[in-house]
Each structure stands twice: as structure tokens, then as C-alpha cells.
Amino acid sequence: MVDSYEEYIEGISSKVAKETKIPDLTLGALQFVDNGVGELASVAMVIGNAGSANISEDIHITLFDGHPDTGTEIGDLIVGGGVKSGAHKNAVMDDIDPDQLQGVTLYARASIEGQVAECNNTNNLTQKKVAARRGSLTLTLSNSLLAPTEDLNLDSLVINTGGVEADYSVQYSIFDSSGALVANLGNQPVPALPSGEQRLVSAVWNSGVTLAGDYQAIAELYSQSGERLDSQVVPFSIREGGDVSAPVATVGVGTDKPDYYQGDKAVIENTLLNSSSSTLIQPANYRLIVSDESGNVLLNKEYALSGLAIGQVMQLYENLSLEGVSAGNYEVVGTLVDDDGDVLASDRQAFTISISAIRAVDGEVQARAANVYQGDPQTCDFTLRNISSEAIQNLTVINTRLDVDNQGELHRDTRTVSLQPGGTITFSDVFGTAGFNLTRHACALRVEENGEQRDIDNAVFQIEEPPISLQTTLSVSGKSRLLVLADKPQDTCTAVDWLTLRAEFPKPLSASTLVSVKALNSLFFTLDLEASTPQAFTDLLDSNIGADMNVAVTSLTREAVEVRVSGSALLSGKHNIVAKYPIFLFLQGKLETGLTGFKCGYFPALGQKLGDFEVVDINVVETQSASHAQGHPETPSLVEQQQWLDAFLTENGYSYTLVDSLDSFRDALLSGNYQQYLLLADRVPLGHWTAKQLREAVNRGDGLVYAAGDRPRTLPLYQTLGVHPHESLLGNYLVSLLGWDGHRADGLEFMQSPLSEPTYLPLALDRRLPRIHHHQANVAALYQGVSDHSLQCLAYSSEHDAVTYRDYGEGRAVYVGYDLLAEAVAEGGSEHHAGLLSRALEYTTAENLINRPGTVFPVTLSLQNTGPAVDVQADLAMSSGGDVLNTLPATQNGPLSWQLALGEAEQRNLHAWLVPNFSQGSAALSAEVTASLGSGASLTLSEMLPLQEGPDTQTLMEVTQAVQAAYGQSLLDLKLKKAALLLEMAVVANNHGHEALAIKKALKATSALAGSSHPDAPSLRVDLDWAIWALNR
């Protein structure tokens, strides 16, 4: 059932299409058939049935000379029998007048007789343009044998053999014998050629420089539609000269001389030229014949040649030995033949051979070594023989040594010899090559007769630079970095800047007791005054009225008072610091220092008692001394001493820094970049805290040499050096003020020690010498010839210690009691005191590398030259970067790059002091050394040194915890307890940003650890020293 009318109609239409069969007539393949001149033409076509039904009716075909709508009917044809479905038939319409077909387009239309319906009427019409189908040509050439650059005329006779007028074109081409196209001469049109007529068409081709050979000229005839109708091939050739043969080559033969002597070597020069413009000569042979007048052949040689290109010149040289050849006239003939044996060219040259004494010999020279290193010996062997049949008498023989490249004669020997026929002599020349240029040299042999010379032979050898031979070693080694404290050329001394005094009350005060602190001069005038009660005191009491003397109360409790005293008046006159407080009614208590003065260069020690007060802290500064102001310079001068010291330390390879002020020394010491210290300044004594820092530096492994010519001024220095003053600290201070200190001596008597062998060393300077006694140190030398001007102390031996040494903690210290630098300068060239300084520095150099994060690595790059003198470029690099503190020798091209000249057999050490950065606990130091010679030869060596980072330095908190743990094991060790308490205070101060206070508390704790009996106290102290070192940095 369908839904609508439209669907019904579509269904009916589909059924009709399937059940109804309809024919479809087609017409195509229309062709014009040209039957020739004077003949009627035909037209052929194909009819077909593309429909589903057979065609049984006749088919009517009509021919027009244009479109059926506009053209004229020129014929028709009835094809009977119909056409079955899917089949086709050929149909031909004959006897058509060709005149009706001139230049027209034929149309043919087919239809089914009886008006039978078709399913498609559009395919019943076909068309075809009438064009020539016939034609012929004949090709002729102007010449069959061409010369280069000759014109060739190509003439083609074109004939229209068809029945209709036609348009033609002729294509000309030139091909070689292998079929390759040589030239395309293009198309020549032949328009409107009537039936039966002919026309001549020409082209011209110039052979130019086309290679000689066989070729073909081809002419091809094409219709207007592009159909090829005819073609003709005519061969021709190209030859040099064309019809007349011409030479294609020339030969030239010559000798280097027209006349020779028997024993000479003749050079025969042969020049072959392809003189043609288009002929390749390949392959070919060249025959060379040398013969005498009788036809006796001396040389017959043939050269096989691959060929000669056009214009190519080939030169052949033949060396002909004339040894043993008879005298006479000779001729050289050279002939060039092609591969067929035909002669292409030839030439000849005559020469003569004569006999002379110097020509009747030959010989050889041999150099035993072809390459000789400059400076090595060389031997040349000479041989000379008589090759003639006559004896030779008194022939002069010369052998020479030559610089070939510089064309110079270096040496000549002359001798006279006689040789029988066939006789031989040999001799040798042995010589050294030192001073020879790095060029080619030769030994040469020649003979001479009547002023005429002849070269016999020579042997060339090369003088070469000896090979570069360099050994390199990269290591962590070298001297420690040295910090030197010396006096300024301007005379200075150390003076008190401020000091802190502490006194305890006889009994505790009440919290409301008013305590007044004042500074009085020698006339009892009050210079400054401060007052407060223990209850009201908070931090610091200092009104600072600007007076020359200032007092400030830094601590006030019921039990004690601390006062800091400062001002320029400290160094002028005497003063009394007084603290007063009420006792009962009108009675007052008093604590005072008494009248006390501080001479420049002398100051109280920490812990020293001044009346009721004790010195608990002190700071000193440098100032100009009175001796300099009065014009008493030191001898030798300080400038001269410093110049000598700079030269000494540089010569001995030290990386050092020389400072001449207390602040500079303290800053450098706290930087942690030095491991050895040399104290030479007697006018710049160290302050207490700086001395403590130095003491702990030695305890953790650094070295100290004290040679200032004066006794130390602070207790930490005495402790480090292991000596005691002849007097107590107070007595030392008093006798210094009185000028009674020291003694004089003539010299020193050394004992066997690390510092010296047993010997006597005189003193050149007449100076007062401080008296000290060894305590924990070892004696290396005693004064001799002592003149004592000091107070005698019966507690010590009458021997006078001059030089001591000791181990202190992890480090070492040396004390020299006289001004070692001044004596070293004064002694001149004997260098005894310089030797002592050198050995003292060697003794205090750390034996083992201190490897902690941030410490200095001394690095040495050793260069050992085992070859010739070279120029060296040496570069060091740290894999992760780092700091370069110093280099020796000083570098020029960058922080770690040296350029130097290294002599033969010379050894040099390059030093650098580095603080490398570590990545994951490791770093690498690399060295690249390039040695080069003047000739450009070079050698590059590389070294790699891995570095491992040492253990991390313990923090102040970690050391504090370790000390507290140790104290927990030894509760009766009061020194350990004190150290733990001080470290707790140091940690608190550090946590609150008071680094300076934390360091002072930590330094006090080191003193407490030094007195502890706990077995771990020494190692705990070293750990604390490194924690202080980290805080300093």
C-alpha cells in the first residue's frame, strides 16, 4: 500500500524503465581518406547502437562541408541491415570530389529510417577537419666532409602527394654516431602547398668547434596536425681541415744543454700539443729514441697516453744518465702516433758528449739520519769513484755542510785525491748540530779541476726541535697562608682606648643605696660623675658631658659595680676612679683605683688589680709614639726591614699579607683565610681578645712565630708560646715603666732542635733583650755574654732563654726573644738569622691539611721540563667555582692562568691558595698545561685533582650541648661547669644578634676548657675553636 500519488507515479515510472527497451544510434570515428593526386577522396566512419534494443531499420548518413545548420550537403549514404544492441559497423562514402574538401571541416549526421525513437539523439553527429594525409621529402647536404667552423646547407624538397592542398613543416636535427642529439635546427614551415606540387625548404648549420667524427643530418616532414608523414637521414663527417687533411698535433724535443760530459745526467724535455680545434687524440703513444751517429740506440722508450684534449699541452721529462757513455754526437727523436699507428707529429734534437777529469767520476753522499734533533750529532758518508778508463791524478775534492733553506755554507773541507780506473775512495764527516737553524741542511760533494767545479751528490737532512717533554703534577700541597704583623715605618705604640673595671662591695648594699662613681685627676678635681641605685639601674649609665675623661656605669648590683673608663686624658697624667656609697649616717664607703696612669705602649693586663678594682675588659689602639715625635728612628730603618722581609717571603714562596695596624691584623685573623702568623711588631702589641683569638687559632692547628724583640703583653700569648716573663705581669708592667726591663747579650748558643743544629750565632745590634723563661716550651737557644740590667728573680734559673718552641693543641708556636727581622737585615750576607726565620716558619707550618668547609686549600702545580726550553701556558679551574685568595707567581691573564718560559731541565712550582665551592661534598680542580716551541709545535697536558669536603664545623649550639653532656659525666669539674655556663650565655647572645658578645663568651669558655680535667676537654675545645672560627667569618 502506498501513502501518496507521487509514490505511485514513481513506482510506475520505475517499472516502465525496467521493462521497456529503446535503441541508441551513435556515429563517430570520422576520417578523411586521401587517395592521392587526381583521385576521388573517401570518408570513413563508424556507426553503433548504444541502446538496449536492436536497430533493424536502415540507417541514413548525410555528409556536409560545415555544420548541418549552415553547411552544404556534399553526399549521403544508406547503410542497410540495422545494428544490433551493443554492436557497430564501418561505413565508407566514396567518390567525393577533393575540391569540395579544401580546408573545410566535415560533418556527418546519422538517423534511423522510419522515425524510430532513440533514448539519446546527441551522439548522432560527428565532425573532422580535413588535413593533409600524404607528403614526401628528399634531403640533400652541401658537403659530406666538413671542417671545423664550416657551414653545412641542408636542402629538403617537399612534394604534396595528396589530393588536397596541405600545410607542412620540416624539422631539421643533427645527431652524432651514438645517436645523441648535437643540434636542433628547428621547424621550417611549408604553407598551402597545392596537391601534386613541390617546394624546396633549406636550413644552415655551422660545425663550430664540434668534435671531429661521424654525424647524421635528419629531416622530418610533419602535417599541420603534427603527424609525421616522411623523414630522411643523410650521414656526414667532420675532420680537421675538412676536404684537405691538416695536422692535429705538434711535438717538441729538447735537452737541457747542447753539450755534456761523460758521467753527466741529461734531461730530455718533450712537449706534446694537440693543436687541432676539434679533434680529440685518444688513445695515443709517444716514442722516444736516443741514438748515436752509427744508429746505436742509447734509449728506446714508449709512453702510453690516455689522450690529448683539444689545446692540451703535455710535458714529459726523461733523465738520462751518461755514465759510461762513449763520447760523440747523439740525436733524440720523439714521435707521437695514434692508436692505429699513424704518425701524428715528430721532432728531433742533437747533442754531444765529451770526456773530462771531473766528468770521469761519480759518487754518493749519504746522511745517516734524515731527521736530526738540534744539538745531536750527525754523520755524512762520502763515496767517489773513477768511472772512466783513464787514471785521474790530483783531483780536488770538496765536501761542505750547507743550510739549504737559508742558502748558507756552514763548513768546507778540501782534499786532493788520485784514482785509478774503477778506483773508489770513501770518507766521513762527523759533526754536532748545536746552533743549527731549524731548517733543511745538506752534506754536499763536489770536484774541481782548473777552476771548474762539478757537483757530484748531496744528502739533505732536517734539523728538528727536540720533542717537547714535560711532566706535570697537581697536588694539594704548599705553604700555609701567612699573616705578618710588623711595625709601621712611622713609629707607633699601643695605647689604652678604654677599659672596664669591676669591684665588689665589702658586703651587699641595700637596693636603694645611692652609689656615685667619679673620675678625679691628680689634683682631686672631678672630671666626670655618674650616680644610681642598684634598684634603679637598668642597662647603661652614661651622661657623657664631653670631658677628656668619661666614666660610664655598665653594671650596678647590690654586690658589685662595673665602670668603663675612656677619654684622651687616659694617656696624660694619673687619675683615680672612685665609687662612693653611704654606710651609716654620715659615714661613707669607698672603692678606688688609686692614682694610675697608662703610658703609651704599656697597658694593664686583663685580670690585673688596680687598687680595689680589677681589669675585666680592655681595648687598645695605635697612636704615634713619643720616640718618633722626638726624632729617634729605628736602625736598620723600618722601611729597609720591610723591603728585606718582602723579598725573603717572596723568594721562599709564601703567600703572605703584611699589616702594620692592630685593626688590620684583627680583621685578617678573623677572616679565617690564614693558617700561620708572624708577629714582628714591638710597638703594636695585641689586645687581650685578639691574643685570645690567636691562641685558639693555634690550638685548632695554625702556626705562630713571635719575634718582635719584646716580651708579649697579654696572658693568652704567654699561654700559646709556653713561656713566662722574668717578672710577674704586674712587675713586668712596673719595671717597663721604670725602664729597668731587659738585658744585653753578645749572641746565642743553639742546641740541637727542629730550629737549628748546635751553633753559635752573634747578635749585631746592641739592644735591650726581654727576659723570659720557658714554662711548657722547649728551649732551642740561650743568650751568651749576657749583661744583666733587670731585677734578679731568684725563682728562675740564671740561664737566659732566647728561642723556644712548642706544640700547642693542634698547632705549633715559636718564640724568639730578640728582634729577628732587624738582626737579619743587619747581619748582611751571612743569613744566619734569616735561616732561623725560615726554619721557624717551616716548623710552624701545619703538617696536615685542615679540611673544613670554607678553609683554604694550598694547591701546587709542579712543572718539570725534561726537553728543550718552552713557553708554557698553565690554567687551573675549579669545577664548581670558588675564591682565589692568592697565586705565586702572581698571575697575569686571569685569576688562575700563568704564562712563563721554562728552560731546559728547569722545574717550577705554581702555587694557588683556593677556597673551592663544593657540590654534594665534592669538587674537582683541573689543570691544563700547554707547552709550545717557536716553530709552532705544542704539547697539551691535563691533570685532574678531586677534592672532598671535610666534616661540617659544629655550630655553637652543638658544641654547647656537647660540653653540657661532658659536664653531666663530671659534675665536680668546676672548669667544665664554667665553660658550659659561658657557652649558654654565648648561645643566648648569638640568638639575639649579639655576635661580638657571643664570641667573647665563647673565648672565655675556651680558657675554662683549657683548665678542665675531663678527657674530652681538649677535643671539645678544638670543636669550640672551629665554631668561633665560623662565627668570625
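In the predicted model, helix α12 contributes the most to the lining of the second largest pocket, with 5 residues. Helices (H or I, at least four residues) and strands (E, at least two) are DSSP runs, numbered from the N terminus. A pocket is an open set of points on a 1 Å grid over the protein atoms alone, where a 1.4 Å probe fits, with protein on both sides within 12 Å along at least five of seven lines; lining residues have an atom within 4 Å of a point. Residues are numbered from 1 along each chain as its sequence is written. Local features need pLDDT of at least 70 and side-chain atom pairs pLDDT 80 or more, while totals for linings use all residues.

The second largest pocket holds about 520 Å³ of space, the volume being that filled by probe spheres set on the points. It is lined by 23 residues, of which L606, K692, K978, K1004 and S1007 are the closest to its centre. Two or more lining residues come from each of β42 (613-624), α5 (688-699), α6 (715-721), α11 (974-991) and α12 (995-1010).

The axes of α11 and α12, lines fitted to C-alpha atoms over the stretch in contact, come within 8 Å and cross at roughly 170°. The two helices are therefore roughly antiparallel, a term for angles over 145 degrees. Their contact (heavy atoms within 4.5 Å) involves, among others, L982 and A986 of α11 and A998 and A1005 of α12.

Aromatic pairs, with ring centres within 6.5 Å, number 14. The rings of F382 and F427 are stacked (planes under 30 degrees apart), because their centres lie 4.9 Å apart and their planes are at 15°. F382 belongs to strand β26 (residues 377-386) and F427 to strand β29 (residues 424-432), 45 residues apart.

How values were computed:
Side-chain values use heavy atoms; hydrogens and water are left out. Axes are lines fitted to C-alpha atoms, for helices over the stretch in contact, and angles run from 0 to 180 degrees between N-to-C directions. Angles under 35 degrees count as roughly parallel, over 145 as roughly antiparallel, 65 to 115 as roughly perpendicular and the rest as oblique. Rings of Phe, Tyr and Trp (its six-membered ring) pair if their centres lie within 6.5 Å; planes under 30 degrees apart count as stacked, over 60 as edge-to-face and the rest as tilted.
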